[in-house]
Amino acid sequence: MGLYDFTFYDLINRNAVSFKTKDAWFEVDDGRTVTFRDFKEKVDRLAAGLQGAGLKKGDRIGILGKNSLEYFVLYGAAAALGAIVVPVNWRLSADEVSYNLNDCGCKLVFVGPEYQEMIEKCRDRLPSVETYFNLAPKGGTFSDFEALLKDPGDFAPEAVSTDDGFVIIHTAAVGGRPRGALLSHGNVLCADMHFDYYFNVTPEDVHLNFLPLFHVGGLFMATTAFHAGALNVNMSAFDAAKATELIQDKKVSFMMDFSPILSSILEHHEKNGIDIGSLRAVTGLEAPETIEKYQKMTGGTFWCMYGQTETSCVATFGRYNDRPGSAGRMLPLAEVRLVDEHDQPVVAGQVGEITLKGPMVFKGYWNLPKDNAQTFRGGWHHTGDTGRFDEDGFLWYAGRKAEKELIKPGGENVYPAEVEKVILEHPAVSKTVVFGVPDAKWKEGIKAVCELKEGHALEPQELISFVGERIARYKKPQYVDFISDMPLLKDGSVDRAKVKELYGGAQ
């Protein structure tokens, strides 16, 4: 720990003094409330317990479970010891979960009760894991979580710097392989300060925490509230009716959402007359009609943004009404540059790849030096996304580069290449193209266009089920077309652009 360093654990110490007995966390499932001072005490006890279990600086902790106080305390204890958290998406298949844990060589793994049977079946595939713990405070088949908190002794402090790794979040599987994005303490705290600045978050504010803590949006919004001394109201799983009631009862003032979350809250508000007027700020990905309805009903502000895990969640930000359809302007501590295929800047109005530099840029992909060299070439992070600046500096998102095509159903990231790889494992399929199409509920849906092998027959639902049994179910196609002749280019490869032109659009 240097004179000029500041980590997430330093923030915990600071808040324990600045906000003491003010509520930091409310657990909806069981009604527990924890103050900022109590939170630090839990973090310190857990850090001592983890150190006693052999955890050292730089070791990785895997977490597979729903949002909970224990989950967030684990982030704090890891920060205290300089360990790195690997939060795993609980929607993944057993094979995908195993890959992420192995990719980072996790030493300890904490598992929620819903996923312990899955992990039990994977244990022989996880050679680096020394101990499995229950994530819940009581019950479960693994080592007791509460036992880690019983050691009254102090932990031995580690020299942790602002630039040290804090969390590894696996991005979607470009080329069929997930990549672990390493984010530092500085990345997280810088993102917090940006959100706090734009939302004007104060200790009187309340954040509704329902986005998963394995997701960069869920984690950073929770830390944003914590950073400002605001209250986190935590839901282990989103329920529209309950969320609407919590907004009224707890005077929730800000949150992040992905379609169709906000529209479902507005629907419950209209049907039941529940007061959601306290909800003054929302950000995320939403349809224009939902944004306008929210602003009209509440008088609140919807904030548009562009970002990705690798940019600590956000790179541009702005009020929806300032330039509807745009992703806002550059952050105070980020420079965004749009470049052509030769990494030369493009002029305003011209589409180019979005590149970024500044303290928001992640540390790199875990154990992938070649990918990092390519991504960080020329001293800029290359996002793989494209956009254009208008004359006033507002960014307009234009999609992914062709080689990094991405589908975003309900805020999740799905690379077509990963889905196509699984579809081609089906013995009846000879060719396939997977791409995104407009979807009324999820904003973007997944469509597969397939050519079958001669003499084979297949029903759409059979193929959908086949994919859902092999990778996370949110990655399976919602729409399937079988065609007799796949459009091809002169070199014999599939003409993806032609397939999307013929079979894309609203379904």
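Biologist: How many aromatic pairs does the structure hold?
Modeller: This is a predicted model, where local features need pLDDT of at least 70, side-chain atom pairs count only at pLDDT 80 or more, and totals for chains, interfaces and linings use all residues. Residues are numbered from 1 along each chain as its sequence is written, and side-chain values use heavy atoms, without hydrogens and water. Rings of Phe, Tyr and Trp (its six-membered ring) pair if their centres lie within 6.5 Å; planes under 30 degrees apart are stacked, over 60 edge-to-face, the rest tilted. The number of aromatic pairs is 29.

Biologist: Are the rings of phenylalanine 72 and phenylalanine 226 stacked or edge-to-face?
Modeller: Their centres are 5.9 Å apart. Their planes stand at 70°, so the pair is edge-to-face.

Biologist: How many residues apart in sequence are the parts this pair ties together?
Modeller: Helices are DSSP runs (H or I, at least four residues), numbered from the N terminus. Phenylalanine 72 lies in helix H3 and phenylalanine 226 in helix H7 (residues 216–228). The separation in residues is 154.

Biologist: Does phenylalanine 72 count as buried or exposed?
Modeller: Buried means under 20% relative accessible area, exposed over 50%, partly exposed in between (1.4 Å probe, protein chains only). At 1% relative accessibility, phenylalanine 72 counts as buried.

Note on methods. Helices (H or I, at least four residues) and strands (E, at least two) are DSSP runs, numbered from the N terminus.
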